Structures are given as structure tokens and as C-alpha cells.
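Please look over the sequence and the structure shown here before reading on.

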Amino acid sequence: MPRAGLAEMRAPDSILPLRTDGLGFNAGGAEILSDVSLKITAGAPTLLIGANGAGKSVLLRLLHGLLKPSAGRVFWAMPIDLAARRQAMVFQRPVLLRRSVLANTLYPMALAGVVREDRDARAEAALALVGLADRAADPARKLSVGQQQRLALARAAALQPELLFLDEPSASLDPAATRAVEEIVLTLAQRGTKIVMTTHDLAQARRLAGDVVFLHRGNVLEQAPAEAFFQQPASATASAFLRGELVW
Amino acid sequence: MQDLASAFTTAFGLILSLDPAVLAIVALSLRVSLSALVLAALIGLPLGALLAVARFPGRGSVITLTNALMGLPPVVVGLLIYLLLSRSGPLGSFGLLFTPTAMIIAQAVLITPILAALTRQVLEGMWEEYAEQLRSFGAGPWRAVPTLLWDGRFLLLTVLLAGFGRAAAEVGAVMVVGGNIEGFTRVMTTAIALETSKGDLPLALALGIVLMAIVLGVNALAQGVRGIAARWAG
């Protein structure tokens, strides 16, 4: 590689598009996902939808690198060790450190190597974004479930990731807390963060999605712009799912 | 009965008058056991945390071993350290046998497995909860160790207190490597054993009362710490 230096200078400045090629995952002999080939591009949120057990969460974990695929690969537009630092994930049940709200926000920034002088300002902005600025000194685990999920979002937002994975972020929340989470997600999306999110809530998918990936029994049956998908899904399974019929 | 009553009276007299001999013995006990605790904590806590997060072949055996070592008899530890530190032993040239330093080493060896095993137990559940989130943040097991130690700080304080209690209460190890030399290596437990066998019950009792008071105080502290922990851990 005689011109490696030059190649480095030309390194892409986005981790997107994200592509997968023949991605599969087995657990204990059971096939959870098979032959998933996707392309996720910058823009409005991508929603992974499907029934419980369709493989949405596993796919998200494979994309984020928390699970190793049994088959196929995940491709980022830049080397994986660089791409890994530009993405974050918020889980269905937020795992908060046994520290203050502020300390929870600062922790991942320290790990990600954000320079010390920037951390406080970023944490403050992130907490303000989710409406927890006045709770900064409180023990994080004493927050309500909805507030905890907002803190998890703030923690991820403070990292200023290019791509944010969200795994059913409002599945265990009441309508008001769900609305708060959705507003934060939309704000982040408007600021240019690519959102890749799973949900089994169709109304939520309609509210948030720019495009939709429909999973069924471990297979991607469709990937389409949200409007097209919700008006006229290409597959019979997806239409049945949209009509609320059990498709599992 | 008369003897016992007068022994108690004399014992309280010794404590209340801050008898210098009693004070010196209590001070040495605290110094030895607290130093041993610090030493053991520096090794045992990170070791226990690492054992909680690391997955490697033979991990189960290592855990069984640390659990078994929790029941290490103090006299046996004393004997091992004695063999290491005696003139002809591999560390004999340091001339540490029958010094407070030898006692600190012996107690540290005694309680390190206790701290490691209890730390692993306390932090393992926390790691199960944290693992995926920390990996998402880009933290591997090594980076997780300090995080878990800090987040488990209140629970670990009770682990430390358990270790301290064990060190302060044991007699076998300090007796063997310290030699119970008056004014030099005599601590509460060895003094109690000696004075009882000599028939000097008031002094033995006085020291016994102080020892009990310290143990009680430590447990009260542990209780309080658990209260604070509950507030933060949620």
C-alpha cells in the first residue's frame, strides 16, 4: 500500500451507508435471522418493524456489533473500529450507572475520548434536550422509568453519534413518556443523527419512519419508504401485519 | 460469681481510666488489622471484580478455590507466613518475623481471599446488568473493573467491613508470626488468650469488651452504609 497516507486523507467522513450482506444468526441451533441484506442510508429514521420474535432486536445487536453474526457481514463506509465510535445504542430497559444523572451522561464521553473541556457543556445540552437539566445531581436510579429512558437518550445524544440505534425505546413506557421519547428522537433526527429503531407499535412507526424494514420470522420481507409501505405493502404478510392480523 | 463481678468492675476501670497498656494494645490491633485490610483490598477487590467480568477456561475452578480459601484457618496462614519469614525461609533476610509487619502480612493473606470472593459475588450480578451497555460504550472487561468497583462502592464497603472483622478477631495468625511480645506485637486477641491463661481476668475482659465494642461499631457502620446504598442503587 504505497499510497496509504493519501488513502487515509480521503477516508469517508460518514459511517453511512450501512450495508449487510447475507447476515444470519443462530442461537442454540435455532435460526433467528437468515440472509438479511440491507442498505441503510443517511436521512429520516429507519424503523425495523415486525411481530415479537421476528428478529428485530437481534438484527439491531448484529448491526451495532454486540452480537457476532453466524453468517454474512456488516459493512460500514469506514473501518469498523472508527465506525464503532460514531454510533450509540439505547436499550429497551435503560441500564443506568449507580451514579448521578450528570455522571451517567459524562461516563460514555470519557470512554469515547471526548476532551474533558467539552464534556460538561455537552452533558448540559443533552440533559436540557431531554428535560432533565434540573435533575443533574440526583441519583439516576431514583428517576421514574420514563425519565430513566430519557436519560439513556441524553447519554447517547451527548456522544453526538452519527447513527443511533434504539431498541423498542418506549415499549415499557406510558403514553406521555412515549410521546416524550418520540419527540427527542425526532429532534435528534432533525439535527442529522441517523435513527435506526425497532418497534412493534405500528402507530409509532407511522409517526417516526422515513423508511421501513419489515421483518418476519427472521427474514427481511420488505424495505421501502414509509409512505409506500404503509399504503401498499408489497408482500401479503406485511399487509396482514398492517391489518393487525396475527402473522406469527 | 464474686470474681466475675469484680473482674467486670476492674475491666471498666481499666477502659475508663484509659490505661496506657490497654490503649497501646488496642492501637496496635487497629493498626495491624487496618493495614492488613488496605493491603488485602488493593489486591482482593480488583481480583474479585476481574473474576466477576472475565470469562476464561478454568474460571469455575478459580471461583471454587477463592470460596474455599475464605475458610482458611488463621493458624495455618500463620504457619505459612512463619515458614516464609523465618531466618532460614526464603524471605528470612528481611528480618520481619515477630514484628507488626509480619502480622499485617499474615492477616492480609488471611482476608484477601475473603475480599476477592465476596467482591466477585457482589459485582457479578451488576456486571450481568451492565455488560451489554458497557460494550455498547466500547468498554471491555478491563475497563469495566474500575467502573464496577466504583458503582459497587457501597456494597463493597460492607465487604471491607467483613474482612476487617475477620482480621481483627483472629488470634492464630498474629500469635504465630507476631509472638505476642509485650509492648511490641501484643494485640487484643493474643493478649486476651494470654491473660486468660494466666488468670488475669480483668485485663482479658477489658480487652474483650473493647474488641466487642469495635465489632459492634463496625456492624453498625455496615448497617448505615447499606442504608445509603439503598438510596443510590435504586
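## Chain A as a whole

The model described here is predicted, and the values that follow are computed from it. Chain A is built from ten helices and nine strands, and its C-alpha trace spans about 60 × 50 × 35 Å along the principal axes. For a chain of 248 residues, a compact globule would have a radius of gyration near 18 Å, and the 19 Å of chain A agrees with that expectation.

Of the 248 residues in chain A, 40% are buried. When the contacts in chain A with a separation of 6 or more are considered, 68% of them are accounted for by residues 24 or more positions apart.

## A sheet in chain A

Chain A contains an open sheet of three strands, which are arranged in the order 2-1-4 with antiparallel pairing. Strand 2 (30-40) and strand 4 (71-75) of chain A stand at the edges, and because each has a single partner strand, one side of each is left without a neighbour in the sheet. From one strand to the next, the twist averages 20 degrees.

Strand 1 (residues 18-27) of chain A and strand 4 of chain A run antiparallel and are joined by four bridges. Within strand 4 of chain A, A:A71 is the bridge partner of A:G24.

## Where the chains meet

Between the chains, 15 residues of chain B are in contact with 17 residues of chain A. On the side of chain B that touches chain A, helix 5 (100-136), helix 6 (141-151) and helix 10 (201-233) of chain B each supply at least two residues. The largest share, six residues, comes from helix 5 of chain B.

## Helix 7 of chain B

Helix 7 of chain B covers residues 153-169, and its 17 residues should span 24 Å at 1.5 Å a residue; the end C-alpha atoms are 24 Å apart, which agrees with that expectation. Buried residues in this helix of chain B include B:L155, B:L156, B:V159 and B:L160, and among the others are B:G163, B:F164, B:R166, B:A167 and B:A168. In an α-helix there are 3.6 residues a turn, so residues three or four places apart point the same way.

Leaving aside its neighbours within four places in sequence, B:A162 is in contact with B:I114 and B:L118. B:A162 and B:L216 are 54 residues apart in sequence, while their C-alpha atoms are 12 Å apart in space.

## A residue of helix 10 in chain B

Which residues does B:V225 contact, leaving aside its neighbours within four places in sequence? B:V225, which lies in helix 10 of chain B, is in contact with B:F154, B:L157 and B:T158. The C-alpha atoms of B:V225 and B:T158 are separated by 7.3 Å, although the two residues are 67 residues apart along the chain. With 18 other C-beta atoms within 10 Å, B:V225 is partly exposed.

Technical notes:
Residues are numbered from 1 along each chain as its sequence is written. Chains are lettered from A and ligands numbered from 1 in the order in which they are written. This is a predicted model: local features need pLDDT of at least 70, side-chain atom pairs count only at pLDDT 80 or more; totals for chains, interfaces and linings use all residues. The expected span of a helix is 1.5 Å times one less than its number of residues. A residue is buried if 20 or more other C-beta atoms lie within 10 Å of its own, exposed if 12 or fewer, and partly exposed in between; C-beta atoms are placed from the backbone. The radius of gyration is taken over C-alpha atoms; the globule rule is 2.2 Å times the number of residues to the power 0.38. Two residues are in contact if their C-beta atoms, placed from the backbone, lie within 7 Å. Two strands pair if DSSP finds at least two bridges between them. Axes are lines fitted to C-alpha atoms, for helices over the stretch in contact, and angles run from 0 to 180 degrees between N-to-C directions.
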